[in-house]
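Please keep the sequence and the coordinates in view while reading.

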Amino acid sequence: MNYIEPKFKLSVFTCPHCKTLSRHDWKENRYQEDVNIQMNPNDKTVVSHSSSARCLSCRAKTLWVDDKMVYPIFAVYPSPNTEMPESVLVLYNEAGEICGKSPRGACALLRLALQKLCVELGEKGEDLNTDVKNLVKKGLPEIVQQSLDVVRVVGNKAVHPGQIELDVESKETVDTLFELINVIVDYMIAMPQRVSGLYNKLPAGAKEAIEKRDNQ
């Protein structure tokens, strides 16, 4: 994935403006007592230190107060797999829109996206644990099963108050879930489509020989 979360003083990260993995030039700003970092011009905050990072791809800036990015306010998240089903994609992007403000909400949406993905894979989508179990019986690779269970468990902890064991308030946790959803789509949808396309390009004689071999 061409995605690196923006972090303070990191020289290369995904620009929240142009969504490009790009190098950034950092600049220390002068000390200011009143810095307007809100949309409301009357809403000001006192800061001890501010910096800016200019993207060398689109030339736009991000503004940082201490070690936190305060502008732009929208989040950066990994691009969805191009083969992601529409029902999953809608929830994936919705989670991306709020992940900066509400990691917990994004976790819950990604768990719902996983339910939709299980339906796309032929399961009922009513109980994730049962769906994963059934997919394992159908030959689901272990790495995909582990990815499914991570999203299932983390998302579930996000939905039920008082049962949080994993840090669903962390942006890093949300980014991991985005990546795992992409991994599942790649293994279960994109990769079979690629292999099927290559197989169909084989000469008819070669395919007949393979079918004869498999029927022996």
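Leaving aside its neighbours within four places in sequence, with which residues is Glu-5 in contact? The partners are Leu-10, Phe-13, Lys-171, Glu-172 and Asp-175, where contact means heavy atoms within 4.5 Å. The model is a predicted one, in which local features need pLDDT of at least 70 and side-chain atom pairs count only at pLDDT 80 or more, while totals for chains, interfaces and linings use all residues. Residues are numbered from 1 along each chain as its sequence is written, and side-chain values use heavy atoms, with hydrogens and water left out.

Glu-5 itself lies in the segment before strand 1 (12-14). Its relative accessible area is 18%, so Glu-5 is buried; the term means under 20% relative accessible area, with exposed meaning over 50% and partly exposed in between (1.4 Å probe, protein chains only). Not counting residues up to four places away in sequence, Asp-175 touches Tyr-3, Glu-5, Val-76 and Pro-78.

The overall architecture comes next. The protein chain has six helices and five strands, these being DSSP runs numbered from the N terminus (helices: H or I, at least four residues; strands: E, at least two). Along the sequence the order is β-β-β-β-β-α-α-α-α-α-α. Of the 216 residues of the chain, 36% count as buried. Among contacts with a separation of 6 or more, 52% are between residues 24 or more positions apart.

The loop between strand 5 (68-71) and helix 1 holds Glu-83. With a relative accessibility of 35%, Glu-83 counts as partly exposed. Once residues up to four places away in sequence are set aside, Glu-83 touches Val-185, Ile-189, Ala-190 and Gln-193. Glu-83 and Met-191 are 108 residues apart in sequence, and their C-alpha atoms are 9.5 Å apart in space.

Some backbone features also deserve attention. Most residues other than glycine have a negative phi, and most peptide bonds are trans. Lys-9, although not a glycine, has a positive phi of about 70 degrees. This residue is in the segment before strand 1 and counts as partly exposed at 39% relative accessibility. Lys-19 is not a glycine either, and its phi is positive at about 65 degrees. Lys-19 is placed in the loop between strand 1 and strand 2 (21-28), and its 44% relative accessibility makes it partly exposed.

How do the helices pack? Two packed helices are described by the angle between their axes and the distance between the axes. The axes of helix 1 and helix 2 come within 8 Å and cross at roughly 170 degrees; axes are lines fitted to C-alpha atoms, for helices over the stretch in contact, and angles run from 0 to 180 degrees between N-to-C directions. Helix 1 is therefore roughly antiparallel to helix 2, given that angles under 35 degrees count as roughly parallel, over 145 as roughly antiparallel, 65 to 115 as roughly perpendicular and the rest as oblique. Residues making this contact include Leu-91 and Tyr-92 of helix 1 and Leu-110 and Leu-117 of helix 2.

The axes of helix 2 (residues 103-120) and helix 3 (residues 128-137) come within 10 Å and cross at roughly 45 degrees, so these two helices are oblique to each other. Their contact involves Arg-111, Leu-114, Gln-115 and Cys-118 of helix 2 together with Leu-128, Asp-131 and Leu-135 of helix 3.

The largest nonpolar core has 29 residues, of which Tyr-92, Leu-110, Leu-114, Leu-117, Leu-148, Val-174 and Phe-178 touch the most other members. Such a core is a set of buried Ala, Val, Leu, Ile, Met, Phe, Trp, Tyr and Cys residues joined through side-chain atoms within 4.5 Å. Helix 1 (86-98), helix 2, helix 3, helix 4 (142-159) and helix 5 (171-200) each supply at least two residues of this core, and helix 2 provides the largest share, eight residues.
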